Amino acid sequence: MNATMGRYRAVTGHRLFWPAAVLVVMLAANTIYRPGFLSIELKDGHLYGSPIDILRLSAPLILVALGMTLVISTGGIDLSVGSVCAISGAIACMYISKQPDQNSLAVVLAALAMAFGVALVLGAWNGVLVAVIGIQPIIATLILMVAGRGLAQLITQGQIITINSEPFRAIGLGHLLTLPLAIFIALAAALVVAAFTRRTALGMIVESVGGNAEASRLAGIRSGRVVFLAYVLSAACAAIAGFMMTANVSSADGNAVGLWVELDAILAVVIGGTSLAGGRFFLSGTIIGALIIQTLTTTVYAMDISPQTSLLFKAVVVIAVCLIQAPAFRARFTRRRRNVPTPNAIADKPKEQVPA
Amino acid sequence: MTDSRPVLTMTGISKSFPGVRALHDVNFRLFPGEVHALMGENGAGKSTLIKVLTGVYDTDEGTITLDGEPVSFSGPMQATAAGVSTVFQEVNLCTNLSVAENIFIGREPRLLGAVRWGEVRRRARALLARLDLDLDVSAPLGSYSLAIQQMVAIARAIDIQARVLILDEPTSSLDAGEVAQLFRIMRQLRDEGIAILFVTHFLDQVYEIADRITVLRNGGLVGEYLTTELPQLSLVEKMIGKELDVLEGIEEHSRRDLAALEEGTPLVAVSNFGRAGAVEPFSLTIHAGEVVGLAGLLGSGRTEVARLLFGADRTDGGQVAVDGTASSLRTPAQAIDHGVGFCSENRRAEGIVADLSVRENMILAMQAARGWLRPVPRRRQDELVDKYIKALNIRPADPEVPVRNLSGGNQQKVLLARWLITEPRLLILDEPTRGIDIGAKTEIQKLVTQLSDGGMAVLFISAELEEVLRLSHKVAVMRDRQMVAQLANDDSLDADRIMQTIASGSHREEADR
């Protein structure tokens with residue numbers, strides 16, 4: 001009995017348990033409402049079905065949220081990711097549209113390289129504002145969030161640029177081994193970011209700076225470089241997401257691409273267990289968070305919830321998810337039932353209180 | 001000078017926080033028309049006593065009476081309304097509002113709900129005139145110096161028919177002229193019959209202004225004295241207290257030949273390091289294998305010296321030579337490159353990264369020096385961490401628990417390990433034994449002697465003179481933000497002589513300033 005309880009605790013105590021549980025409940029609710037929800041079928045060598053759609057559609061959000069995770073871990077925030085999506089998509093589409101052969105792979109690669117390079121510069125701009133000049137991250141990135149939309153408009157000259165390029169379209173809608181290519185791109189990005197942070201000491205140093213900036217400085221960490229890098233990485237992730245978003249519709253609309261994606265990304269990061277105050281970050285949690293948000297969006301469409309109420313519905317679910325995740329909120333119920341404080345509640349208490 | 005009936009009495013006050021007994025059976029009384037200094041080191045319970053008095057904290061036990069009536073305030077607002085006004089260390093006024101607005105904010109004279117601005121300005125001018133201050137009451141408060149802002153805060157406090165005025169470290173950010181101005185006003189208010197409770201770390205100021213002194217130590221009352229009957233030396237003794245020497249296990253390693261140690265090129269030699277408002281320029285040399293003690297009361301500038309040497313704060317001027325070569329210590333990273341390590345006295349804010357594990361906290365400085373692209377291999381991390389968990393006897397001996405779950409003493413050891421892993425040549429320890437149990441204390445002291453025997457230089461900062469004497473080869477004494485003396489730890493040096501130096505600032509001629 002005790003062993004069972006212990007195992008139960010170990011499972012529910014895992015930091016990914018609650019996000020994963022929420023995701024499962026959402027999928028289950030969809031299945032009850034529409035029994036065929038989880039079914040996947042093979043057509044023309046491609047897999048189709050709602051789960052596949054959710055994975056494919058969440059790929060851009062996963063990308064943006066991965067970069068956002070690092071920025072938030074440093075104690076910052078990056079509001080400009082949506083604009084970076086729009087700018088990188090606009091540059092890629094604009095370049096391709098000007099070429100005689102839009103289907104040439106070389107043309108598409110050149111377009112991607114150019115747009116990616118510009119995104120890195122934009123990330124560096126954010127990084128300089130925050131890490132070198134010392135502007136508060138929310139303000140520093142707000143500049144590019146607003147100005148970036150204008151920049152995207154300038155690039156497309158106020159038009160919606162439509163292209164007809166098969167290699168570019170594949171980024172969003174192509175397939176590989178029966179699965180959408182976008183899933184592989186997001187997965188690859190996740191692995192690269194994970195290796196970049198966990199195979200080097202970058203992850204620990206970012207967590208240290210976000211957890212206690214002054215202690216990190218006194219330990220000899222030159223935090224400016226690390227913070228700068230986080231913003232560059234965030235912009236790089238946003239650029240790839242921007243390619244996907246524009247490739248999905250084979251057109252670049254400076255006003256619409258990546259609109260409000262920064263908010264969804266922040267939400268995904270928080271649902272994934274990374275604190276907005278900075279410190280420890282969880283890439284796997286972020287990915288589950290992004291899947292939860294996309295599942296929610298799909299659910300809204302699948303359940304024919306009217307557009308008027310869909311935003312409210314989303315808001316209610318998000319509040320519920322955040323509450324379930326909060327140890328303090330859960331502890332309240334646990335205590336009421338068993339009248340013992342949870343381990344979390346004990347750990348949260350300050351170890352020593354020294355009145356001075 | 002004083003009335004025979006106290007305006008305020010506090011009797012048998014006790015207050016505990018989880019794990020800490022902040023006040024234990026403390027009595028305090030305040031007479032009208034006196035300046036009463038509340039003295040004690042940090043953590044002695046001064047702030048807690050003030051917070052209990054003004055209702056920020058509830059008392060666990062004890063009674064407070066004002067004019068003979070028992071009172072219990074629910075907060076500073078209520079205390080102020082009853083005539084007990086407090087001016088806190090940090091002036092909590094709004095620098096962007098005008099002087100007059102700051103004085104009357106929250107209680108502006110009104111007519112039919114509208115603020116009577118003319119009346120506000122007129123009354124503000126009258127109030128400031130009472131303090132002999134000639135200010136433009138319409139100018140923003142921020143356009144005046146900190147001292148003036150402090151006095152505006154006092155003006156605000158006394159306007160509310162204050163009978164008791166509490167000044168919590170009002171002089172800590174003022175220069176000598178500004179302090180004189182503040183004291184003039186304090187004397188004037190005292191002569192008007194207001195009782196003033198004055199908290200400060202500056203001994204000179206106490207003897208200049210206070211009529212009576214109450215000393216607290218470790219949350220307990222040491223006693224109440226007339227200033228004229230308490231020499232400075234006795235005051236320092238009472239504040240520090242004589243601690244039982246339970247650490248006899250450590251041999252008197254410090255009495256080694258200082259001359260032998262000081263042969264050859266000093267490891268670090270700084271001259272004319274200083275920082276305006278923090279510490280007056282000082283010079284100091286530290287040789288390999290030497291333990292330099294830094295003694296002085298809290299707030300005397302000990303930590304500031306350490307921070308300058310580590311580059312945590314930048315010096316305003318001066319030179320530094322490492323191994324005889326001119327270099328610079330302008331950032332912590334630079335200092336670490338020169339082989340300097342620094343354990344801050346403020347473990348929580350400047351030491352541990354609470355979220356990270358014991359292992360990560362330990363390798364942080366080493367990793368920072370290598371840069372993020374060259375991670376310390378996991379096997380090497382485990383070796384180092386295991387070694388220091390064993391060597392320093394860290395509990396729990398689990399490298400993967402978040403460091404926040406460790407006790408203060410164990411957190412301190414983790415920080416020590418963080419620096420020892422970097423194999424520093426100079427280790428600066430700021431109050432490494434404060435707030436930790438006696439066992440951990442002994443272990444850390446033993447470690448310091450071992451390290452210095454192994455050739456490491458140590459700058460050891462502690463409020464406990466016995467500890468400084470036991471470990472150091474040379475003791476630098478701080479007083480009122482000046483390094484007033486550097487004393488060789490030979491047979492003639494004892495706690496009394498250091499205390500005398502702290503109290504009187506003699507031996508000034510020995511300081512190479």
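A residue is called buried here if 20 or more other C-beta atoms lie within 10 Å of its own. Keep that in mind for the views below, which come from a predicted model.

**View 1. Helix α1 of chain B, tucked in.**
In α1(B), the buried residues are B:Lys46, B:Ser47, B:Thr48, B:Leu49, B:Ile50, B:Val52 and B:Leu53. That is seven of the eight residues in this helix, which spans residues 46-53, so α1(B) is largely enclosed by the rest of the structure. After the helix comes B:Gly55, with a positive phi near 85°.

**View 2. Where chain B touches chain A.**
Chain B brings 38 residues to this contact, and chain A brings 28 residues. On the chain B side, the elements that give two or more residues are β2 (20-30), α1, α11 (332-337), α12 (347-351), α13 (358-370) and α15 (408-421). Among these, α13(B) gives the most, with six residues. Sorted by class, the side of chain B that touches chain A has 21 nonpolar, twelve polar and five charged residues.

From α3(A), the residues taking part include A:Ala59, A:Pro60, A:Leu63 and A:Val64. From α11(A), look for A:Tyr231, A:Leu233, A:Cys237 and A:Met244, among others. The contact of α3(A) with α11(A) divides into 18 nonpolar, two polar and no charged residues.

**View 3. Helix α7 of chain A crossing helix α11.**
Stay with α11(A), residues 223-249, and find α7(A), residues 166-173, packed against it at an angle of about 110° with the axes 7 Å apart. The pair α7(A) and α11(A) is therefore roughly perpendicular. On the α7(A) side, the residues are A:Phe168, A:Arg169, A:Ile171, A:Gly172 and A:Leu173. They meet A:Phe243, A:Met244, A:Ala247 and A:Asn248 of α11(A). By class, this contact of α7(A) with α11(A) has six nonpolar, two polar and one charged residues.

A:Leu57 sits in α3(A), the helix of residues 50-73. With 19 other C-beta atoms within 10 Å, A:Leu57 is partly exposed. Now look across to A:Gly172: the two residues are 115 residues apart along the chain, yet the C-alpha atoms of A:Leu57 and A:Gly172 are separated by 9.0 Å.

**View 4. Inside the largest nonpolar core.**
This core has 257 residues, and those with the most contacts inside it are A:Val64, B:Ile428, B:Leu459 and B:Phe460. The element that gives the most to the core is α11(A), with 19 residues. Zoom in on B:Ile428 and set aside its neighbours within four places in sequence: B:Ile428 is then in contact with B:Ala306, B:Leu309, B:Phe310, B:Val340, B:Gly341, B:Phe342, B:Cys343 and B:Leu459.

**View 5. A four-stranded sheet in chain B.**
The strands of this open sheet come in the order β14-β13-β16-β17, with antiparallel pairing. Its edge strands, each pairing on one side only, are β14 and β17 (325-327). On average, neighbouring strands of the sheet are turned by 25° against each other, direction ignored. Strands β13(B), residues 268-275, and β14(B), residues 279-286, pair over five bridges.

**View 6. Two loop residues with positive phi.**
A:Leu177 has a positive phi of about 50° although it is not a glycine. Its place is in the loop between β4 (175-176) and β5 (179-180) of chain A. A:Leu177 is exposed, with 10 other C-beta atoms within 10 Å. B:Arg481 is also a residue other than glycine with a positive phi, near 65°. You'll find B:Arg481 in the loop between β21 (474-479) and β22 (482-488) of chain B. Is B:Arg481 buried or exposed? B:Arg481 counts as buried, because it has 21 C-beta neighbours inside 10 Å.

Notes: Residues numbered from 1 in each chain as written. Chains lettered and ligands numbered in written order. Predicted model: local features only at pLDDT ≥ 70, side-chain atom pairs only at ≥ 80, totals over all residues. Buried ≥ 20, exposed ≤ 12 C-beta atoms within 10 Å, placed from the backbone. Axes fitted to C-alpha atoms, helices over the stretch in contact; angles between N-to-C directions. Parallel < 35°, antiparallel > 145°, perpendicular 65-115°, else oblique. Contact = placed C-beta atoms within 7 Å. Nonpolar A, V, L, I, M, F, W, Y, C, P; charged D, E, K, R; others polar. Core = buried A, V, L, I, M, F, W, Y, C linked by C-beta atoms within 7 Å. Pairing = 2+ DSSP bridges.
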